[in-house]
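Here's a quick briefing to read alongside the model. Have the viewer open and follow along.

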Amino acid sequence: MIKLAQLFSTAAGRYDVSSSWERHISLPPWTRLILPLALVGGIMLPLGALLMVVFEIDIARWTHMWETFLPRALTNTIFLVASVGAGTFIIGTAFAWLVTAYDFPGRRWFERLLLLPLAIPGFIIGFVYVSIFEYAGPVQTTLRGWFGWGRSDYTFPNIASPAGLVLVLTLVLYPYVYMLARVAFREQAAVSFEAAQLMGLSRFKAFIRLVMPLAYPQLAAGTILAMLEAMTDYGTVSYFGFPTLSERIVVLWSGEFNPTAATQLAFLMIIVALMLIALERRMRGKAKFYQNAGQGRGLRRQPLRGVKRSAAITACLALFGAAFVLPVTQLLAWVIAEVQSASVNIWNENFTVYAGNTIFLAGVSAAIVTFLALLIAYGLRTHAGKGKRLSRLLARGVTLGYAIPGAVIAAGVLVVVNPIDGAVTDLATAHLGWSSSTYLLTGTVIALIYAYVVRFMSIGFSNTDASLEKITPNMEGAARTMGAGWWRILSRIHAPLVRTGLAAGALLVFVDVMKELPATLLLRPFGMDTLALRTYFLSVEGWHRSAAVPALAILIVGLIPVLLLMRVGEKSVDGRRDYSSERSQQTLRSNDGG
Amino acid sequence: MNRVLVGLIALVTMLVLGLAPAAAQEDAGVLNIYSSRHYGDLEAPFVAFSEATGIEVRVSAGTPQDLLGRLRADIQRGDRSIADLFLAIDAGVLSLAADEGLLVPVESEVLNANIAEPFRDPQGRWYGLSIRTRTVVYNPDNVTEEELASLNEYRDLADPIWRGRLCMRPAGHIYTISLFSSLLYHLGQEQATAVTEGIVANVSRYINSDTSLIRAVAAGECDVVVVNHYYMGRLANGSEEDKAVFDSVRIKWMNQDVNGVFFNINGAGIVKNAANYENALRFLEYMSQAENQCGEPTCFPGSNYELPTNPEAELNETVASFGAFTLDLEYPLWEYGQYQAAAVSMLEAANFGFREN
């Protein structure tokens with residue numbers, strides 16, 4: 001009797017990387033070690049700068065925090081991160097599998113539509129949901145009107161509750177899992193799945209025992225992204241009055257006008273994040289799954305019938321309705337009300353400029369993050385000499401930024417950039433024709449983009465790293481023996497092979513930068529407003545109708561990368577399918593001949 | 001490979017193009033403001049100032065505390081900031097900035113003559129340009145005459161008759177912090193703590209928006225809330241729906257029998273080593289003139305239904321309709337900063353802003 005694992009290793013191809021072999025294909029030290037580590041150092045500098053205050057511990061302050069809010073903030077954070085993690089994992093994985101492995105009317109549409117909530121910042125869905133379902137909102141007001149109820153005559157689920165918060169965050173964050181899971185499922189070799197079915201496993205069992213473990217790196221990466229997003233969220237949790245570590249950091253930061261305690265709390269949060277990442281690494285263990293690229297033929301979809309078909313359609317409708325249609329309808333209704341009301345001068349605002357700023361910041365940051373991530377992940381992948389473990393550990397350090405609230409990162413960037421800004425500006429004035437009295441780094445977008453890179457490098461890096469892990473080192477071996485240099489290998493072999501992963505990472509960074517608030521607030525140059533900022537300012541003032549205008553604009557801008565994301569994913573998969581089906585036909589023919 | 005290179009070149013070009021506007025705008029007439037007012041640089045009074053003087057106003061907005069952090073980082077670095085003027089909606093933040101040497105004292109006959117003494121720093125490092133009070137708004141359908149008569153001071157909100165009927169803004173917001181700092185000042189640590197605990201026991205929901213607080217009162221979710229008065233002004237002049245909200249609630253001025261209603265200022269100070277010092281001073285003097293302190297939307301106080309700091313200026317009509325009241329002049333604005341940190345501690349200890357669910 002063949003065991004499943006053996007079947008899997010023959011079908012999809014499993015290689016044990018021996019270190020002697022890796023050394024054989026090693027690159028020159030500056031590309032595999034010095035350059036990546038220098039980049040890692042540059043990215044971690046702002047975090048390191050904050051370390052300086054971490055050891056100035058004020059015992060009395062910490063005692064006070066421990067006796068008051070800290071235990072609850074800590075348990076709240078764990079509750080939120082765990083619930084959102086579970087929610088996004090289940091919804092993201094289940095729906096990705098549903099649209100990849102089954103066929104039902106509308107599937108092609110849902111497959112794309114379910115990605116759209118990615119374009120909406122959490123705080124926007126948050127304030128929309130609260131205003132729809134709160135006491136003074138339309139739903140409860142209508143119910144009271146119908147039944148003549150008063151305040152104490154009925155109970156209605158409290159939307160501004162921990163459960164409501166988990167719901168809202170899950171609805172905006174599940175696409176992180178869904179997107180990566182869908183790519184993973186589509187890229188998977190159908191051979192192993194079909195072989196498992198031949199072995200008598202049901203579709204569901206094959207999914208649990210084969211497909212999920214194979215897609216593990218991407219599922220884990222997506223879930224961790226969602227969990228870290230939930231952990232560092234400020235806008236939504238503060239709107240819901242749910243104190244988490246992140247919320248407390250901002251309160252300490254701004255309420256006490258002293259960054260020390262806030263920074264120390266941020267490091268407590270990093271520890272929680274590290275534990276999460278370590279847990280994931282541990283679960284992944286030593287298992288490395290290499291799939292032979294090009295052999296994957298997409299899974300054959302099973303058509304659904306009867307009740308199952310209706311259930312699948314209903315589930316997709318419900319998710320898409322809750323996460324997208326409902327909030328967008330409410331935003332549209334507000335925009336229409338705003339158009340009709342003559343009293344507000346929202347239309348004087350220059351939304352095309354805000355949109356332009358948003359696209360510019362997000363585009364530049366996404367490109368830089370992706371390029372640097374590729375250099376780091378690729379360089380360290382081929383480094384097999386001394387200090388391999390240490391350099392890998394350091395590289396993982398770049399993912400820390402994602403666990404730190406934007407306000408804290410902005411402070412770290414200022415600590416690093418401020419001392420050199422004067423000198424750099426003088427230098428630029430003397431030699432580069434810089435003619436402004438503005439500082440070159442903090443007076444322009446440079447410091448802000450630096451902060452974005454620190455904050456979001458994790459997304460670029462984990463996507464690139466996970467994708468690279470699936471390329472067999474045979475590639476390097478072959479290319480090296482033919483005398484190709486590292487840049488040639490990287491740009492001609494790896495970059496094209498992982499372009500889906502790279503594009504996914506870049507687009508995610510784009511969307512994240514577009515939605516970012518606190519670092520943008522602190523570091524943007526004069527006169528530079530983004531759509532997210534205008535939405536935030538107007539919504540905290542309680543001007544929901546006015547806020548709906550830039551909120552809808554974010555949605556429109558955000559749809560561009562999300563739509564691109566779909567195209568990128570489909571092109572590569574379709575291209576491969578054509579190629580493999582052609583080849584399988586050839587195989588069939590040769591079989592006939594034999 | 002070539003594609004990657006082309007991409008990189010495109011990237012660098014984009015970056016340079018993005019920087020270009022910042023470099024291009026280099027005339028004499030610029031004023032850079034760190035502002036915690038959220039209305040961008042399109043605010044009517046700023047536009048009016050630009051038209052009158054030819055000086056271009058550029059604004060970087062944020063919460064007062066975030067901007068203080070930015071300013072602190074700027075000055076601690078190179079003793080210079082990219083901002084010329086620091087405009088904050090909180091006297092405590094302004095005092096802290098001044099005491100840390102981030103703002104410079106200004107000698108101006110015009111400012112001293114125009115702005116009444118209680119509303120400016122005795123050392124001339126910051127000047128109040130408008131006044132906002134923070135007081136009670138209630139729903140007359142759900143609050144009896146008797147209950148209303150017992151609600152005269154902020155500390156009366158701790159009375160158990162308000163249990164489950166009071167909504168407040170969470171502890172992290174500067175409005176809450178400053179209001180509770182005034183309790184500390186007037187009542188002392190012990191009494192203020194007891195009042196805070198009583199209020200926490202009464203709160204049914206924390207809502208992080210003054211407008212939403214008023215809407216919640218109008219809908220009957222809460223019976224009593226504490227808000228800045230100008231939000232009532234905005235609702236009174238808003239859409240039909242807003243006016244309906246305004247009509248179903250009432251404003252009540254707190255502490256009228258004792259020290260007066262709590263207030264804060266929207267004020268500004270000139271940043272140390274400001275590149276455009278003259279323009280910043282001109283801005284302050286312009287905004288302090290009686291005709292620019294008016295109640296019309298083109299004036300600094302009037303654009304937001306606030307009160308003028310120039311006693312000669314005319315009041316906004318809507319605000320005047322709220323009735324006469326006394327301001328709390330006992331608690332000096334320049335001492336707000338000293339009590340805020342203690343207020344945060346007190347709010348934390350009382351679990352203000354936390355709700356058991």
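B:S36 touches B:A61, B:G62, B:T63, B:P64, B:L67, B:L87, B:A88 and B:I89, leaving aside residues up to four places away in sequence; a contact here is two C-beta atoms, placed from the backbone, within 7 Å. Keep in mind that this is a predicted model: local features need pLDDT of at least 70, side-chain atom pairs count only at pLDDT 80 or more, and totals for chains, interfaces and linings use all residues. Residues are numbered from 1 along each chain as its sequence is written, while chains are lettered from A and ligands numbered from 1 in the order in which they are written.

**Around B:S36**
- B:S36 sits in the loop between strand 1 (30-35) and helix 2 (44-53) of chain B; helices (H or I, at least four residues) and strands (E, at least two) are DSSP runs, numbered from the N terminus.
- B:S36 counts as buried because it has 20 C-beta neighbours inside 10 Å (20 or more other C-beta atoms within 10 Å is buried, 12 or fewer is exposed, in between is partly exposed, with C-beta atoms placed from the backbone).
- From B:S36 to B:A88 is 5.2 Å, C-alpha to C-alpha, although they are 52 residues apart in sequence.

**Chain B as a whole**
- Chain B has 13 helices and ten strands.
- Buried residues are 55% of the 357 residues in chain B.
- Of the contacts in chain B with a separation of 6 or more, 75% are between residues 24 or more positions apart.

**Confidence**
- The average pLDDT of chain B is 87, with 89% of the residues scoring at least 70; pLDDT is the predictor's confidence in each residue, from 0 to 100.
- Residues 20-26 of chain B stay under 50 in pLDDT, and the model has twelve contacts for them beyond four places in sequence.
- For the complex, the predictor gives an ipTM of 0.72 and a pTM of 0.77.

**A helix pair in chain A**
- The axes of helix 9 (residues 162-187) and helix 12 (residues 216-232) of chain A come within 8 Å and cross at roughly 160°; axes are lines fitted to C-alpha atoms, for helices over the stretch in contact, with angles from 0 to 180 degrees between N-to-C directions.
- Helix 9 and helix 12 of chain A are therefore roughly antiparallel to each other (over 145 degrees; under 35 is roughly parallel, 65 to 115 roughly perpendicular, the rest oblique).
- Among the residues meeting there are A:L169 and A:L173 in helix 9 of chain A, and A:Q218 and A:E229 in helix 12 of chain A.
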